[in-house]
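Colleague: Please take a close look at one pair of packed helices in this protein. I would like to know how the two are arranged and which residues hold the contact, with some account of the whole chain around them.

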Amino acid sequence: MGSLYTAAASYLDARASGGRWLVRVEDLDTPRVVPGSAAGILRTLSRFGFEWDEEAVRQSDRTERYEAALEALRSRGLTFECSCSRSQLADEERYPGHCRKNPLVAGLPTATRLRVDPCHIQFTDRIQGAFRQDVAAAVGDMVLRRRDRLFAYVLAVVVDDAAQGVTHVVRGADLLDNTPRQIHLQRLLELEQPIYAHVPLLTEPDGKKLAKSSRSVHLEAGLALPQLIRVWDLLNLSPPLDLRDAAIPEAWAWAIGRWDISRVPKRLTRLLDR
């Protein structure tokens, strides 16, 4: 349900402004990819009335673009190779710079990191307002390609947004603190910066993400309209009772006409009814 909530906000924002809505399969972490899951997600989106404007792209097919971006940074001396493992850095709040001059241990597989010097990145989110982060203090030198040679999300998403001409991003607030890192990369690669909006997460009373808990609400194609109405209600669209008798395309048309991102709360004060 949390994924539906975020997707609905993104879709409504694009359609209400006459924009394109794109679907991207972010399957870079190949060891964790479940066969058939991407096709299942696309079927679910279709059953819930979502329509995307271009063929869905897969990040696993676009690694040459990420390699080119990495090489552009490397050629300017902005990257270095790091032999540190996750276990070695487990107690560190941020990367301490062990390998900035040379890999700490020679002969080991290395990750490629971006040199991040102190810099404050500030942007205004359409929902969350002003947000500021010193990327060096928050995360340190970012991994752009892992030791297993897989590219990091932060590099791939920046390259893909630019390549696909993305102007507006609407996503969950769990990615808010990742956004300054993306903006920093966009500036280094001289790419256009999209306009961001981060919708609040559906959470448990203790603040944990609902999607990660045992109370997570699963989507059911047979209940598509009732579940859409529930998320539109959480987006402050105030759907009327008679909308429950509408066909899904008609209901989407109503929601698109009602959309106003300024009414989306910064955080949710109530959970879905069970």
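Modeller: Of the 274 residues of the protein, 46% count as buried. Bear in mind that this is a predicted model. The protein has eight helices and nine strands. Its radius of gyration is 20 Å, close to the 19 Å that the globule rule gives for 274 residues, so the protein is as compact as a globular protein of that length. The C-alpha trace spans about 65 × 35 × 35 Å along the principal axes. Among contacts between residues at least 6 apart in sequence, 73% join residues at least 24 apart.

Now to the pair itself. Two packed helices are described by the angle between their axes and the distance between the axes. Here the pair is helix α5, residues 153–163, and helix α6, residues 179–188. They pack at an angle of about 60°, and their axes are 9 Å apart. That angle makes α5 oblique to α6, because the range for roughly perpendicular begins at 65 degrees. The crossing of α5 past α6 is right-handed.

On the α5 side, the contact is made by Y153, V154, L155, V157 and V158. On the α6 side, the residues are R181, Q182, L185 and Q186. Sorted by class, the contact of α5 with α6 has six nonpolar, two polar and one charged residues.

Notes. Residues are numbered from 1 along each chain as its sequence is written. This is a predicted model: local features need pLDDT of at least 70, side-chain atom pairs count only at pLDDT 80 or more; totals for chains, interfaces and linings use all residues. Side-chain values use heavy atoms; hydrogens and water are left out. Axes are lines fitted to C-alpha atoms, for helices over the stretch in contact, and angles run from 0 to 180 degrees between N-to-C directions. Helices (H or I, at least four residues) and strands (E, at least two) are DSSP runs, numbered from the N terminus. Angles under 35 degrees count as roughly parallel, over 145 as roughly antiparallel, 65 to 115 as roughly perpendicular and the rest as oblique. A crossing is left-handed if the near helix is turned anticlockwise from the far one by less than a right angle, and right-handed if clockwise. Contact means heavy atoms within 4.5 Å. Ala, Val, Leu, Ile, Met, Phe, Trp, Tyr, Cys and Pro count as nonpolar, Asp, Glu, Lys and Arg as charged, and the others, Gly among them, as polar. The radius of gyration is taken over C-alpha atoms; the globule rule is 2.2 Å times the number of residues to the power 0.38. Buried means under 20% relative accessible area, exposed over 50%, partly exposed in between (1.4 Å probe, protein chains only).
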